[in-house]
Amino acid sequence: MKKISLGRILAYALLIISSFASLFPLFWTFSTSIKNRIDTYVLPPKFFNFQPTTKNYVSLFKIKTFPHIYLNSIFVTIISTLLSLILGSLSAYAFARRSKFRGRTLLDALMIAVRALPAIVVVLPIYKLSSYFGMYDSIWTLILLYAGFNIPFAIWLLTSFFNQIPTEIEEAARVDGASNTRMFIQVILPLAAPGLVATGIFISLLSWNEFLIPVIMAGENAKTLPVFVASFISNKNLDWGPMAAAATVAMLPIVALTVFIQRWLVTGLSSGAVKD
Amino acid sequence: MGLVRTSKRKHRQLTRPIGHYTLGAWLLLALTILIPLLYGIYISLLDINLASFLPPQFIGFKNYTTVLQASETWATLRITIALMALGMTIQIPCGILLALALHQQLRGTKIFRSILITPMLLTPVAVGLTYRFMFDTDLGIINWFLGKFGIESINWLGSQTSGLMAIVIVDSWQSIPFVMLLVLAALSAISTSLFEAATVDGASSRQIFRLITIPLITPTLLVIVMIKIMDFLKLFDTIFMLTRGGPGNATTTIGLWTYKTGFVFLELSRAAALGVMILIITMPVYFLWRKSTRNVR
């Protein structure tokens with residue numbers, strides 16, 4: 001018995017220490033974002049004993065382009081996620097119900113390439129191509145690219161969800177004379193709704209966080225939040241307050257999301273690891 | 001994801017051809033991945049420089065010989081491999097330990113799990129910004145904390161060794177949860193009757209771990225290694241935010257070097273050649289990954 005309780009104590013200690021390590025940077029970012037300069041650049045650091053201020057956020061929202069950038073991020077995230085979900089669920093259904101069809105091997109290879117290749121290898125030629133077609137600095141280009149880079153995850157995840165749906169249900173619908181399309185929309189999609197939600201959340205996270213594509217493909221017009229956040233270190237004089245405020249604003253929706261949708265998340269997060 | 005796989009033959013009787021359902025995905029991937037890849041191979045044979053106004057010339061494999069002879073190519077490749085090795089030796093054991101702790105189903109496991117996965121969801125660029133001021137030499141909280149233990153201030157982002165350490169620390173903060181989740185899934189898939197039987201037979205907990213747990217999670221560990229190799233090749237945001245690959249090129253990985261060649265030195269064709277090389281380097285990883293995932297189910 002003694003041994004077991006020792007193991008428990010160790011496990012608790014490990015979990016508590018690592019939870020602290022996971023949360024502290026978040027606390028520290030937030031606390032820096034509501035400090036005045038005199039409370040920021042001091043040693044020993046001030047954890048709680050300071051006068052909070054909203055100054056850093058005010059200066060952030062005073063930046064004229066900021067609302068535009070935030071809206072860009074939201075718009076690109078939502079539309080590209082929808083696109084990946086629509087095209088991804090159609091493909092995933094084919095993957096789940098047919099082991100072989102024309103072009104499957106190449107499609108598989110392309111999806112793996114997306115997962116394995118550094119995005120720069122693909123984005124570099126895209127940058128060159130986009131100048132021919134006048135597609136540089138457009139949010140529609142970003143939407144298309146995000147969807148392309150994320151659709152493999154959608155397909156892998158949704159395939160595993162569709163696999164869980166027993167074929168007997170389709171059999172019954174088939175007897176009733178349902179066509180493929182009707183069956184897909186009226187029978188399969190509603191049954192896979194939890195899977196669609198989980199996939200959608202996971203993919204919107206990927207889109208929200210994406211940096212390499214917009215840093216190359218977006219100018220002032222299509223700029224997204226991560227590019228804006230990154231621009232805080234381009235000047236030599238690092239001002240921690242606004243930096244922390246910008247980081248907080250980028251991470252806040254995600255933290256809110258994790259609190260509310262725990263159970264959908266875990267499925268999505270391990271996706272792309274074990275594929276079908 | 002432990003899923004029941006229904007028999008393929010049954011599907012075939014049931015469904016009419018639906019291969020064309022993949023057309024949309026096909027079109028999207030062709031447009032965003034396949035065509036750019038092919039075009040990338042094409043421009044790697046030209047001499048495009050973004051600063052030059054001369055029409056591009058076809059120069060064959062000259063970019064490749066230049067790239068292969070450049071010391072930066074090999075230096076950045078070595079740095080990438082060093083990061084991989086360092087990162088995996090930290091992340092995989094930590095991920096396993098945390099998974100084992102969570103797997104004990106102690107009270108509060110769900111809350112701990114929620115807290116622990118939070119870092120992996122956050123925007124890497126914002127995380128980099130946060131650590132950027134936490135790593136500050138004079139006023140950063142990390143050096144202050146280490147100072148409590150008598151460790152002198154480290155110029156984290158100012159040298160190769162400490163810079164790579166800093167990158168690995170930040171990346172580990174974000175990717176240990178991923179390893180943890182995958183190992184946790186593998187642990188949960190092991191039938192409890194196996195453990196019970198072993199306990200009845202008088203096996204010690206150490207024996208159980210060594211003879212049952214480890215062999216049964218090994219396929220998952222292989223998958224994790226493959227994914228980590230791919231992810232370290234892809235690692236960009238964190239390095240970009242923390243060190244920009246500096247000082248000099250001391251923390252530049254091959255991916256970041258490709259970016260610099262193309263968008264800092266404006267040698268687009270040479271960068272494309274580097275890209276094709278990365279494609280070739282990662283080729284074996286694809287196959288190993290596909291093989292390793294097959295064993296997991």
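How many residues of chain A are in contact with chain B, and how many of chain B with chain A? The count is 92 residues of chain A and 87 residues of chain B. Keep in mind that this is a predicted model.

Let's stay with the chain A side. Which helix supplies the largest share of it? Helix α1 of chain A, residues 2-33, does, with 14 residues. Now sort the side of chain A that touches chain B by class. There are 62 nonpolar residues. Another 19 are polar, and eleven are charged.

Next, chain A on its own. What joins them in terms of contacts? Seven residues of domain 1 of chain A are in contact with six residues of domain 2 of chain A. On the domain 1 side, α1 and α2 (37-40) of chain A each supply at least two residues. α1(A) gives the most, with four residues. By class, that side of domain 1 has one nonpolar, four polar and two charged residues. So much for chain A.

Over to chain B, and a pair of helices. Helix α4 of chain B spans residues 71-103, and helix α10 of chain B spans residues 205-234. They pack at an angle of about 140°, and their axes are 10 Å apart. Why call α4(B) oblique to α10(B)? Angles over 145 degrees would count as roughly antiparallel, and 65 to 115 as roughly perpendicular. The angle here is about 140°, so α4(B) is oblique to α10(B). The crossing is right-handed.

Which residues meet there? From α4(B), they include B:L83, B:M84 and B:M88. From α10(B), they include B:L221, B:I224 and B:F232. By class, this contact has ten nonpolar, three polar and one charged residues.

Last topic: confidence in chain B. The mean pLDDT of chain B is 87, and 93% of its residues score at least 70. Among the elements of chain B, which has the highest mean pLDDT, and which the lowest? α4(B), from our helix pair, has the highest, at 95. Helix α1 of chain B, residues 8-14, has the lowest, at 46. Look also at residues 1-13 of chain B, where pLDDT stays under 50. For that stretch, the model has 14 contacts beyond four places in sequence.

Notes
Residues numbered from 1 in each chain as written. Chains lettered and ligands numbered in written order. Predicted model: local features only at pLDDT ≥ 70, side-chain atom pairs only at ≥ 80, totals over all residues. Contact = placed C-beta atoms within 7 Å. Nonpolar A, V, L, I, M, F, W, Y, C, P; charged D, E, K, R; others polar. Axes fitted to C-alpha atoms, helices over the stretch in contact; angles between N-to-C directions. Parallel < 35°, antiparallel > 145°, perpendicular 65-115°, else oblique. Left-handed = near helix turned anticlockwise from the far one by under 90°. pLDDT = per-residue confidence, 0-100.
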